[in-house]
Amino acid sequence: MSNLVVETTSREVPIVRTGEWVDVENGWLDRRIFWQDDIYALELERIFARCWIFVAHDSQLPEVGDFLTSTIGQDAVIVSRGEDGKIHTFLNSCSHRGNRVCFAEVGKARRFTCNFHGWSYGLDGGLKSVSRPQSYDGKSNFDKAKLGLHPARVESYKGMHFACFDPAAPSLEEYLGDFRWYLDVILDNDEGGIEFIDGNIKSHLKCNWKFPAENFVGDSYHAPWTHGSALIAMFGKAPTMRAERSYHANVNGHGWEFGLDFIGNAATLNSPQIIEYLRGQETKFAERLGKVRSRMVGSLSSANVFPNLSFLAGHNTFRTWNPKGPSETELNTWVFLNANAPQELKDEYRRGVMLTFSPAGVFEMDDGENFENCTSVNAGVVTRRQMLHVGMGLDSQIDHDELKGNVYQSQINEANQRAFYQRWADLMGAETWADVPVR
Amino acid sequence: MNQSGQVASCDNPAVPIVLLLEIQQFLYREARLLDGEQYDEWLELLADDIHYWVPGVQARYRKDVEKFSAGRMAYFDDNLEYLKIRVARAKQPNAWAEDPPTRHFHLVGNIEVEITENPAEWTVHSLILNNRHRTENDEMEIKARRLDLVRRDQDGSLKLARRKVILQQTVLQSKNINTFL
């Protein structure tokens, strides 16, 4: 964008002053974090090259050789099921001249071979062979063992595989912390766990990646207003969100806003079969999860695992917001359901998500508008000087007997958004993981 | 290569020119109704058992060419009821993405009509270019290949009974699809 180039020459030298960018205590955000090139570049370094990023669910890569391609920040990666049966993640860029070695989004392979000079890598990213190996003489320091595709760490939680490029990052277990207890609501409400439905939907939004991520981490406030048209089209009115039976909860910047209404989200899928299934499992959910968490399985809610993995319980959709620039984001959408659920429910969930939360869905259609315009207005220098207010529910933190992490009363709240930006500021301001506090 | 563009047989006899013109006019009229957001009239063109399908497209290697199996993710996999819900949203005064309205543009071309085993149904191939402008600078463009089944209804009118839309883009270069393709 040409306006950005002009802007770059006149702006201050980039210094990490995260206290200026994010004032969590009083609920203010500096709009430059949604616009500036240098801040975005630092996000790629300190957020995406450092955090655990979701790359695949186990069910997407069932057999040895199954692979998909993805991105961690703007780093292109291959995610594959190796001959050892494990999931591997490594850069999709040849060690010789850097060309991509895989051009398919999904598939099955035994090797990833570069089109340029024929360097060929295994399912674990290791260099297996090159063309004309005899041409590398004794002095050429050619060592196959050192020329594999740069790997990321891969760790998993209940079938969800995450990758991380920072050797100093805490384990996934520590990174997720008590948020795992919440994730069990969808990953472990049934002994069979979940599976992803075949295929995915990808779309491009001209927005900063943080607007949609913070929307999912806590913004139920927007739902009745932004999505009034969809709610009226489906139900004739907006559903009621009750402050006394709803919460914001967050751990380490991961957050879930939810009611305890059990089926509020699921009800928008236009499927009596799904409601019937959930009702039929209610007792079982409560046995596995306890009463409170069981009420979250399909409830009015949204959530985000920091930084960019969002999901909706009840709708059963996961999505990632992959940054492509300060004002460019690629949305990747999947649908999941319990592996033990009846097969006929697969189509119900899949079609329900398409009707609601796909680019053509009656809910999501109005979201993209908001995210894009919240971003593009910041081309204005005076506009950019105006702080954004994120101060709802500053006084709403509560102690709760069962709910883990930081808990706040009422899902109409901005506590989770503040926690998201606090985590963002912690990471942006930290030289190493040792400086990042547990939240 | 695009699967739905592959010619299954070259010996499909030409349809009468009057029928060809009638089907062309049917598709052009449909496009104009969509351009004008005349969604109730558009729904009237659909058969009661319509299957309107826009599957997601993935870049894959040739040896692994997409089969577009029925159970995969899609943008639309709709029957008439689902389409009516989408239309109902678009008509709400608080459908914010519709006001100011989109300036729609559906261009239909490469229309090819083939007979089927059913004398009252024809397979119709076409290409579409859908261009949308909104507010001052918002522009989105979708190009796609369509495979339709057009049926002669008992009252003599033509109805759209099946539509499969194969998008050119694997990553949709638009924030939404607030139209039908």
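Visitor: In what order do the elements of chain B run from the N terminus on?

Guide: This is a predicted model, in which local features need pLDDT of at least 70, side-chain atom pairs count only at pLDDT 80 or more, and totals for chains, interfaces and linings use all residues. Residues are numbered from 1 along each chain as its sequence is written, chains are lettered from A and ligands numbered from 1 in the order in which they are written, and side-chain values use heavy atoms, without hydrogens or water. Chain B holds three helices and seven strands, these being DSSP runs numbered from the N terminus (helices: H or I, at least four residues; strands: E, at least two). Read from the N terminus, the order of the elements in chain B is α-α-β-β-α-β-β-β-β-β.

Visitor: What is the radius of gyration of chain B?

Guide: The radius is taken over C-alpha atoms, and the globule rule is 2.2 Å times the number of residues to the power 0.38. For the 181 residues of chain B this rule gives 16 Å, and the chain comes close to that, so it is as compact as a globular protein of that length; its own radius of gyration is 17 Å.

Visitor: What share of the residues of chain B count as buried?

Guide: A residue is buried under 20% relative accessible area, exposed over 50% and partly exposed in between (1.4 Å probe, protein chains only). The C-alpha atoms of chain B fill a box of roughly 50 × 45 × 30 Å along the principal axes. Of its 181 residues, the buried share is 50%.

Visitor: How many helices and strands does chain A have, and what is its radius of gyration?

Guide: The secondary structure of chain A comes to 14 helices and 23 strands. A compact globule of 439 residues would have a radius of gyration near 22 Å, and chain A agrees with this, at 22 Å.

Visitor: Is Arg350(A) buried or exposed?

Guide: Arg350(A) lies in helix α11, residues 344–356 of chain A. Its relative accessible area is 1%, and therefore Arg350(A) is buried.

Visitor: Which backbone oxygen lies 3.2 Å from a polar atom of the side chain of Arg350(A)?

Guide: Leaving out residues up to four places away in sequence, Arg350(A) touches residues of both chains, including Val335(A), Met73(B) and Asp77(B), where contact means heavy atoms within 4.5 Å. The side chain of Arg350(A) reaches the backbone oxygen of Ala70(B) at 3.3 Å. At 3.2 Å from a polar atom of that side chain lies the backbone oxygen of Gly71(B).

Visitor: What distance separates the C-alpha atoms of Ile39(A) and Met428(A)?

Guide: Ile39(A) belongs to helix α3, residues 37–48 of chain A, and counts as buried because its relative accessibility is 1%. Beyond four places in sequence, Ile39(A) touches Trp21(A), Arg32(A), Ile33(A), Trp424(A) and Met428(A). Although Ile39(A) and Met428(A) are 389 residues apart along the chain, the separation of their C-alpha atoms is 8.8 Å.

Visitor: How far apart are the C-alpha atoms of Leu91(A) and His248(A)?

Guide: Leu91(A) is part of strand β6, residues 87–91 of chain A. Its contacts beyond four places in sequence include Asp75(A), Leu149(A) and Phe165(A). His248(A) stands 157 residues from Leu91(A) along the chain, and their C-alpha atoms are separated by 36 Å.

Terms used: Polar contact = N/O pair within 3.5 Å; in protein donor to acceptor, adjacent residues only side chain to side chain.
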